[in-house]
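I opened my notebook to look around one structure, a stop at a time. Come along and keep the picture in view while you read.

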Amino acid sequence: MIISMRKHASKEEIDHVCERIREFGFKVHSIVGDERVVIGAVGVGDVTPCLEMLEAAPGVESAVRISAPYKFVSREFQAERTRIRVNGAEVGGDDFIVMAGPCSVESEKQIMETAEAVAAVGAKILRGGAFKPRTSPYEFQGLELEGLKLLAKARAATGLSVVTEVLSEKDVEMVAEYANIMQVGARNMQNYALLKSLGKCQRPVLLKRGMSSTLKELLMSAEYLVAHGNPSIILCERGIRTFETATRNTCDITAVSVLNELTHLPVILDPSHATGKRSLVPALARAGVAIGADGLIVEVHPNPEKAYSDGAQSLTLDMFRALMRDLKPYMRLWKESRVAAAAAV
Ligand code: PEP
Ligand code: MN
């Protein structure tokens, strides 16, 4: 159950409601928002009499039963889409948002050149890993703090916001100092210690789907973030592992629509990791716009042949310019259908 308290409910009213919920056998998770306190009652207990009690309790605005195991991120809890403001841009809002940049931050020249090129054609958010989760311990692990500083420099020069991966709970504070959005990579989607510490962080989180994770597991990981205090989450479909070997991963494109039914959180698509091949990225990017994702995250490199990581799936700057040009008519249609859907509600 989710219980929304009235805007100015008193502390006594809130404590009383929590106490009564516990008497019915549930555990209490309260989230203190700017405007109101929302209480999640989870676990096994007598739902119907508890709901009746809550409806009559002072200070309660509404109490609803949520059947999904993920409560706060479900559409049942919130029908309208969550919009996440990052400086001037809004993910989940009225514009299709493109995040672009190299897989890894490699040098000042590389990140500045990429940032300027992607900003010039309409990307709003610069991606780039300073901490890299590599399969081999002998591969480039990222420039770490130096990489974060270069991202901040590129932001200052271009006005782009920055999304970058945080690999470990111990780095959350440091990464948050430089990033606008904290990326949780596929390999860390179920790193609950990391999710809990990001719950306490003020920055929005880009949560990528684990390569062998179900959508329910993805949503449960998002629920961790909200339950620990951070409701600003962008979900990302980046392909899953299947028996197919022609592509690096198999893009579960339908996941975008499924997630749109199940959750109010914005969903973006990563056509780079989903395919592993730059020739396939533009077609999948178009599919992402067409299916109603809220945006894309695309790998771009000034010289992919020399990239320290993921060169094969990185677009050249020219290819990215062409992609943005080719996406324009699709993005116009996207906007029309977004506006029409909002008007129909
Ligand atoms: C990345 O964005 O470069 C990355 C490592 O992605 P994923 O976690 O989806 O593999
Ligand atoms: Mn990559």
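Predicted model: local features only at pLDDT ≥ 70, side-chain atom pairs only at ≥ 80, totals over all residues.

Where is D310 found? I looked it up: D310 sits in the loop between β14 and α11.

**Entry 1: D310 and the metal**

I checked the backbone of D310 and saw a positive phi of about 55°, although D310 is not a glycine. Next I asked which residues coordinate the manganese ion (ligand 2). I found C103 through SG, H273 through NE2, E299 through OE and D310 through OD, at 2.0 to 2.4 Å. Along the chain, I wrote the spacing of these donors as C-x169-H-x25-E-x10-D. I then looked at C103 and E299 as a pair, which links distant parts of the chain, 196 residues apart. I placed C103 in the loop between β7 (97–101) and α3 (108–120), and E299 in strand β14 (residues 295–299). Are C103 and E299 buried or exposed? I noted both C103 and E299 as buried.

I located N87 in the loop between β5 (84–86) and β6 (89–91).

**Entry 2: around ligand 1**

I turned to ligand 1 and found 13 residues around it. The ones that come nearest are R127, A186, R187, K208 and R238. I then looked up some distances to oxygen atoms of ligand 1. For R238, I read 2.7 Å from an N or O atom of its side chain to an oxygen atom of ligand 1. For K208, the distance from a side-chain N or O atom to an oxygen atom of the ligand is 2.9 Å. For Q183, a polar side-chain atom lies 3.0 Å from an oxygen atom of ligand 1.

**Entry 3: the largest pocket**

What is the volume of the largest pocket? I wrote down about 810 Å³. I saw that 23 residues line this pocket, and that G33, V38, F77, Q78 and P231 are the closest to its centre. I sorted the lining into 10 nonpolar, 7 polar and 6 charged residues.

**Entry 4: R321**

My last stop was R321, in helix α11 (residues 317–344). Why does R321 count as partly exposed? I noted that its relative accessibility is 35%, so R321 falls in that class.

Terms used: Residues numbered from 1 in each chain as written. Chains lettered and ligands numbered in written order. Heavy atoms only, no water. 1 Å grid on protein atoms, 1.4 Å probe; cavity = no way out; pocket = protein on both sides within 12 Å on 5 of 7 lines; lining within 4 Å. Points joined across faces, edges and corners; volume = space filled by probe spheres on them. Nonpolar A, V, L, I, M, F, W, Y, C, P; charged D, E, K, R; others polar. Donors = N, O, S within 2.8 Å, 3.2 Å for Na, K, Ca; no water. Helix = DSSP H or I, 4+ residues; strand = E, 2+ residues; numbered from the N terminus. Buried < 20%, exposed > 50% of the residue type's maximum accessible area, 1.4 Å probe, protein only. Near = heavy atom within 4 Å. Polar contact = N/O pair within 3.5 Å; in protein donor to acceptor, adjacent residues only side chain to side chain.
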